[in-house]
Amino acid sequence: MGGTGPVTPGRIALEVSPLPGGRGGIRARGEISALTRPSWEQALTELARRHADVSYVELSDVVFVDVAGVSALAVTAMNLRGGRVVVEHPPPQLPRILELFWPGLDRIEVAL
């Protein structure tokens, strides 16, 4: 899975790349919003395609994620054949949105 560069001119961008060290998953940087959602959804589709038992999504460099971005992540996790997605260091709104709209979703583990 190759990284994607900035998807929009200016300050709003999303970059997604594979995690280093052979861990199955992705690292995102930037903002997950309406303008960057196509790249986010493409990255999640690729993540699901390569999913084994655990996939990691590292978000420490994501400054914002909107409800639709969290929804895309939740739907991806729910549609996996098994296992789970571990979301590492998400922006503060992500766990709140998950708890509000998908309480008890055990396919996603949030690691603050």
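Author: Begin with glycine 25, which is found in strand β2. Strands here are DSSP runs of E with at least two residues, helices are runs of H or I with at least four, and both are numbered from the N terminus. The model is predicted: local features need pLDDT of at least 70, side-chain atom pairs count only at pLDDT 80 or more, and totals for chains, interfaces and linings use all residues. Residues are numbered from 1 along each chain as its sequence is written, and side-chain values use heavy atoms, with hydrogens and water left out.

Reader: Why is glycine 25 called buried?

Author: Its relative accessible area is 9%. Buried means under 20%, exposed over 50% and partly exposed in between, with a 1.4 Å probe and protein chains only. Glycine 25 is therefore buried.

Reader: Why does arginine 37 count as buried?

Author: Arginine 37 has a relative accessible area of 16%, so it is buried. This residue belongs to helix α1. Leaving out residues up to four places away in sequence, arginine 37 touches Asp66, Ala68 and Gly69; contact means heavy atoms within 4.5 Å.

Reader: What makes histidine 51 buried, and where is its place?

Author: Its relative accessibility is 14%, so histidine 51 counts as buried. Its place is in the loop between α1 (37–50) and β3. Beyond its neighbours within four places in sequence, histidine 51 is in contact with Leu80, Gly82, Gly83 and Arg84.

Reader: Which side chain makes a polar contact with the side chain of histidine 51?

Author: That of serine 55, at 2.6 Å. A polar contact is a pair of N or O atoms within 3.5 Å; within protein, one must be able to donate a hydrogen and the other to accept it, and residues adjacent in sequence count only if both atoms are side-chain atoms.

Reader: How do you know that β4 and β5 pair?

Author: They share 4 bridges, in the parallel sense, and two strands pair if DSSP finds at least two bridges between them. In β5, isoleucine 108 is the bridge partner of valine 85, and glutamate 109 is that of valine 86. From β4 the chain crosses through α3 to β5, and this β-α-β crossover is right-handed: with the strands pointing away from the viewer, the path from the first strand over the helix to the second runs clockwise.

Reader: What makes β1 and β5 edge strands?

Author: The 5 strands form an open sheet in the order β1-β2-β3-β4-β5, with mixed pairing. β1 (14–18) and β5 each pair on one side only.

Reader: How do you know that the buried residues of α3 are on the same side?

Author: In α3 (residues 93–101), the buried residues are Gln93, Leu94, Ile97 and Leu98. They cover an arc of only 135° around the axis, which puts them on the same side of α3; the arc is that of the directions from the helix axis to the C-beta atoms. The face turned away from that buried side carries the exposed residues Arg96, Glu99 and Leu100. Among the elements covering the buried residues of α3 are β3 (54–65) and α2 (67–78).
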